[in-house]
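This report describes selected side chains and their surroundings. Please examine the entry below before reading on.

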Amino acid sequence: MTAYKAPLDDLRFALFDVLDAEKTLTSLSGGEAHSRDLLDAVLEEAGRLSEQLLAPTNGPADEEGCHFDKATQTVTTPKGFKEAFKQFAEGGWTGLTNPEKYGGQALPGVLGTATTEIFQSGNLAWSLYPLLSEGATHAMEMHGEEWQRERYMKPIVEGRWTGTMCLTEPQAGSDLGLLKTRAEPGQTESGKPNVYRITGTKIFISAGEHDLTENIVHLVLARLPDAPEGSRGISLFIVPKFKVNEDGSLGVRNSVAAGAIEHKMGIHACSTCVMNFDGAEGYLIGKPHKGLMAMFTMMNAARLSVGVQGLALSERALQNSLNYARERLQSRSLSGAKFPDKPADNLLVQPDVRRMLLTQRAFVEGSRALLLYTALQTDIESRATDEAARKAAGELVAFLIPIAKGVVTELAQECTKEALQVYGGHGYIAENGMEQFVRDARIITLYEGTTGIQAADLLGRKILQLQGVGAKHFLQEISAFCQQHSADEALRALIGPLAIATREWSDLTVKLAQRVQANPEELGAAANDYLYYSGYVTLAYLWARSVVAAEGSQQSAAFKQAKRDTATFYFARLLPRTVMHKAAIEAGVGTLPEIA
């Protein structure tokens with residue numbers, strides 16, 4: 001069984017020292033509502049819950065998996081999941097960031113991101129059950145009618161129900177314009193909301209059926225009879241598992257059920273379902289044919305959360321591989337025995353083992369800063385009173401989301417692989433728990449949009465269609481940071497390379513945009529490398545910020561030195577990967593020939 005200890009010290013450092021979240025959140029709330037003491041208390045309790053309740057179930061639940069009863073079309077979750085969800089809901093965690101009006105605590109999104117990391121490190125598969133509810137409630141809050149929020153959103157916020165996102169179909173993966181699920185207007189009683197009958201099949205629906213709550217609210221994409229072709233003809237509907245009476249009580253079973261659960265490579269303890277809708281009663285969210293807008297409200301929140309999943313798995317993998325390297329005695333240091341009184345030195349004396357561990361640490365702590373930075377911008381976007389500040393934050397979030405999702409999840413593949421590699425052959429053995437992290441991490445580059453889709457979104461939409469407005473904000477911020485610290489001799493090894501990389505990023509973006517205008521195929525050829533390039537420079541900026549923040553903080557001397565050392569490693573060993581990606585970008589589409 002693998003161990004887990006919530007990284008509260010580094011979470012606090014990123015939130016309060018690097019990002020100065022307390023100051024920002026206090027200014028947004030207009031007072032002391034979001035003091036550091038409050039945020040600290042929430043983090044402490046999240047850590048306790050994850051360490052004591054969730055983390056011990058991770059391995060056993062993966063082995064047990066979910067059970068699907070074909071006769072009743074129901075799913076039984078692994079042992080301990082139902083009790084864990086009950087305690088989670090009773091603690092108010094299901095409504096942590098939701099508005100008080102609907103039963104939530106209205107705490108900032110950046111705190112939700114921090115606690116989500118903690119819960120996902122404890123048990124990623126379990127955390128998917130409440131996680132999908134966040135996107136559903138957010139969509140209803142932004143696009144639903146008040147009666148829908150009262151009837152369907154409140155019970156999810158309270159933790160009595162959960163929500164899902166039903167998007168994908170067998171013939172329509174990421175191309176939602178191909179979906180075939182139908183929504184036919186049904187008979188509606190006078191004075192009551194319009195009823196629609198939803199018919200179709202959805203696949204890959206996380207938490208589509210389970211035994212944790214009394215009801216499940218599905219948010220379903222479907223087509224009305226008069227819908228235009230393609231993605232412009234998509235509408236969004238609320239379809240509950242059990243119909244809901246006007247007084248909020250549960251009625252009869254709706255005509256929606258799981259047809260099967262997928263047999264997956266990882267996250268075995270999460271029920272990923274095939275969902276069949278057979279004239280199920282549903283209600284339209286928003287305007288007809290405008291479901292794509294509401295879907296992206298769910299999708300953007302989900303993409304940030306998936307990035308957090310990558311961080312969460314990497315953090316737990318790092319903790320265990322580091323402990324193993326400290327304890328495992330094997331071979332001797334090349335420069336002579338470091339533990340002569342023992343039969344062998346530990347693995348930490350080997351430079352390549354230190355490389356693997358430092359790679360993990362650099363990506364984990366850099367990714368944490370990136371995800372929390374992005375989440376803090378979402379708070380500014382939703383809470384600031386200054387319209388210009390809200391607009392700029394929204395543009396910055398839109399730009400960073402594909403990096404936060406695409407790059408962080410890809411780095412999680414590397415981190416979990418390196419963690420397993422530290423164990424050697426023992427990492428491949430299931431009882432040591434490391435291979436589960438590798439399996440669980442594999443899905444996160446695929447759902448909520450593959451890495452290729454994130455890359456196309458970054459370059460095609462955020463840079464070209466939107467004229468790089470978010471990128472301009474971010475590049476200006478980095479340039480101002482470099483200028484501010486350019487005279488600091490202690491930071492020269494970081495600020496100099498960062499300033500050069502920032503100018504190169506800007507120049508490369510302009511040149512690439514010109515090439516794509518001349519030949520649209522250049523976009524597809526360059527997008528993936530451009531995503532990685534952007535990610536490595538982004539993490540370099542946040543590592544430089546982390547070193548500056550550490551120097552001016554009340555952290556211990558050892559903590560500060562660890563930040564300096566890891567930043568030095570990142571700039572020397574990992575940032576140079578941009579050279580490779582730049583060369584690949586400049587090679588152009590001509591190096592991808594059409595082959596008969």
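Beyond the neighbours within four places in sequence, serine 333 is in contact (heavy atoms within 4.5 Å) with Lys338, Asp345, Val349 and Gln350. The model is predicted, so local features need pLDDT of at least 70 and side-chain atom pairs count only at pLDDT 80 or more, while totals for chains, interfaces and linings use all residues. Residues are numbered from 1 along each chain as its sequence is written, and side-chain values use heavy atoms, leaving out hydrogens and water.

Serine 333 occupies the loop between helix H9 (291-327) and helix H10 (351-383); helices (H or I, at least four residues) and strands (E, at least two) are DSSP runs, numbered from the N terminus. Its relative accessible area is 11%, so serine 333 is buried. Buried means under 20% relative accessible area, exposed over 50%, and partly exposed in between (1.4 Å probe, protein chains only).

The structure holds 22 aromatic pairs. Rings of Phe, Tyr and Trp (its six-membered ring) pair if their centres lie within 6.5 Å; planes under 30 degrees apart count as stacked, over 60 as edge-to-face and the rest as tilted. Two of the pairs are tabulated.

| Pair | Centre to centre | Angle between planes |
|---|---|---|
| Tryptophan 147 and tyrosine 283, edge-to-face | 5.3 Å | 85 degrees |
| Phenylalanine 474 and tryptophan 505, edge-to-face | 6.3 Å | 85 degrees |

Phenylalanine 474 lies in helix H14 (residues 469-484) and tryptophan 505 in helix H15 (residues 492-518), so this pair ties together parts 31 residues apart in sequence. Phenylalanine 474 is buried at 1% relative accessible area, and tryptophan 505 is buried at 1%.
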